[in-house]
Amino acid sequence: MAIDQLPGEDSRPLAPPAPAGETAPRIALSEVVSSLSRALDLTEGQPLGHSVRACVIGMRLGAELGMDDERLAALYYALLLKDAGCSSNASRMAALFGSDDQAIKPQMKVVDWDQKMQLALATWQSSGQSASIFTRMQYFLGIARQEQVTQELIAARCDRGADIARRLGFPNETVGAIHSLDEHWNGNGYPGGKRGDDIPLFSRILNIAQTAEVFLAKGGPDEALKVLRERRGRWFDPALVDLVLGWRRDRSWWSGVVAPDVEAHVLTLEPSVSARDVDDAGLDRVAEAFAEIIDAKSPFTYAHSSNVAMYACAIGEQVGFDAASMRRTRRAGLLHDIGKVGVSNRILDKNGPLDDAERAAVQAHPIYTWEILGRVPAFASFARQAATHHEKLDGSGYPWKLRGDELDAPARALVVADIYEALTANRPYRAGMPVDKALAILDQERGAKLDGSMVDALAASVQREVEGRGGVVEGEKAAGRVDRGTGAPWSIRGDDLQHVPHPHTLTPS
Ligand SMILES: [Fe+2]
Ligand SMILES: [Fe+2]
């Protein structure tokens, strides 16, 4: 990914804060969702713009089928959000294959599942990448022994994706389309093994659109059409494939699908009569939905984003942020780690220290956050705050090594909230740190690395919550979060290393 603009002094300035209570300008939902779909592309290991290009392909099918505007609108969001559940199986895929999920997902995407030899070869090539032959064989045999594994992986992704679409308020046809995305015409698909017309029409369109896009990106229109022809009647509805084959000579249209301005083009495809605007409450819902997508990426970061948002707002309330700043801070907290979907779970979930390359991969995630959020006009006012959540006052943070005078109060609050959440969160492999110990660690960093007023604000907020609960800290909920630490000895995983200020705090307490 080309990262050509960093959120330093010389790049995109912070948007001026809107006065509290100001009416938000009209924001098109299509603009927000299509921009955030880039995060889904990253998770799937697909070239950026995959979802948008698939949307262009699928919408042409919908139009040629004569769908009315209401159905076209439902199809439009199904195409953009088809991979909303993709982060939920990334961790298991990485563990199962012993490889980078972002490397193997696209490899498995081009395999024709009906061709058993091809499937076995692709599975072998994806198993234990970079490992010894013996280890690779162990992974390969492990996968082969688990008959239900493909069904389970796809079911997890479909269930989660459909659930997110439902909670965003999209119609049942959109939800159902995402749920049956990977069903095949001949009944060999997943998760339900549905066959022919039993597969929702929208799902049949989504499957053709996503496959055509993958091979279009790989080898151009001829390659895409060849694969559709080969899988006609097996993977795909023959009538729909015939429609796409009819576009063979429409070279200018195919060129438009891969053109740099396709992201502007896709905005014109939402039927204007049913085009949806989004208000502040709607934007919050979108941010909450994508926070779930982010946190689903790793089982070790359950509820991290929502907890960070809550702590950052607790700090903001304590130091007197105005209403507009509070709203931006909450959204920044929810989305600060959206770039993490671009990091392999082999690294995020690694049980032990990271090597230099792995550490560099982890430390790139704020850049992805900036790259994704900075493109969404509705999110531009907090994209910088979100992306700078690992920076420190003395310039020792990452990735931009900004200094204190480049970090405003909301950014400083988010930095403190992120570390506190990481320290105190219970994780499957260790208990969270007790509140008082976590606060003591933050206190050690005050002045040099962390803004002392933000640390004090967090401590005051936590203290107030604790007093409200009768003074119990350990093993008790504090500041409203889901889990609390118990102070048991703890070990580290790759994902911890980006948060914890001093390596010596990682030794058993
Ligand atoms: Fe982060
Ligand atoms: Fe974080």
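Me: What should I know before I start?

Reply: The model is predicted, and local features need pLDDT of at least 70, side-chain atom pairs count only at pLDDT 80 or more, and totals for chains, interfaces and linings use all residues. Residues are numbered from 1 along each chain as its sequence is written, while chains are lettered from A and ligands numbered from 1 in the order in which they are written.

Me: How many helices and strands does the protein have?

Reply: Helices (H or I, at least four residues) and strands (E, at least two) are DSSP runs, numbered from the N terminus. Here there are 23 helices and zero strands.

Me: What percentage of the residues is buried?

Reply: A residue is buried if 20 or more other C-beta atoms lie within 10 Å of its own, exposed if 12 or fewer, and partly exposed in between, with C-beta atoms placed from the backbone. In this protein of 509 residues, 50% are buried.

Me: At what angle do α15 and α16 cross?

Reply: Axes are lines fitted to C-alpha atoms, for helices over the stretch in contact, and angles run from 0 to 180 degrees between N-to-C directions. The axes of α15 and helix α16 (residues 323–335) cross at roughly 155 degrees and come within 7 Å. Angles under 35 degrees count as roughly parallel, over 145 as roughly antiparallel, 65 to 115 as roughly perpendicular and the rest as oblique. So α15 and α16 are roughly antiparallel to each other.

Me: Which residues of α15 and α16 meet?

Reply: Two residues are in contact if their C-beta atoms, placed from the backbone, lie within 7 Å. From α15, Ser305, Ser306, Val308, Ala309, Ala312, Cys313 and Gly316 meet Ser325, Met326, Thr329, Arg330, Gly333 and Leu334 of α16. The residues of this contact between α15 and α16 divide into six nonpolar, six polar and one charged. For this sorting, Ala, Val, Leu, Ile, Met, Phe, Trp, Tyr, Cys and Pro count as nonpolar, Asp, Glu, Lys and Arg as charged, and the others, Gly among them, as polar.

Me: How do α21 and α22 pack?

Reply: Helix α21 (residues 409–424) and helix α22 (residues 435–445) have axes 10 Å apart and pack at an angle of about 140 degrees. That is why α21 and α22 count as oblique to each other. On the α21 side, Val416, Ile419, Tyr420, Leu423 and Thr424 meet Val435, Ala438, Ile441 and Leu442 of α22. The contact of α21 with α22 holds eight nonpolar residues, one polar and no charged.

Me: Which residues of α23 are buried, and what covers them?

Reply: In α23, the buried residues are Met454, Val455, Ala457, Leu458, Ala459, Ser461 and Val462. Their cover includes α15 (304–319), α21 and α22.

Me: What is the phi of lysine 401?

Reply: Phi of lysine 401 is near 55 degrees, a positive value in a residue other than glycine. Lysine 401 is also in the loop between α20 and α21. It has 13 C-beta neighbours inside 10 Å, so lysine 401 counts as partly exposed.
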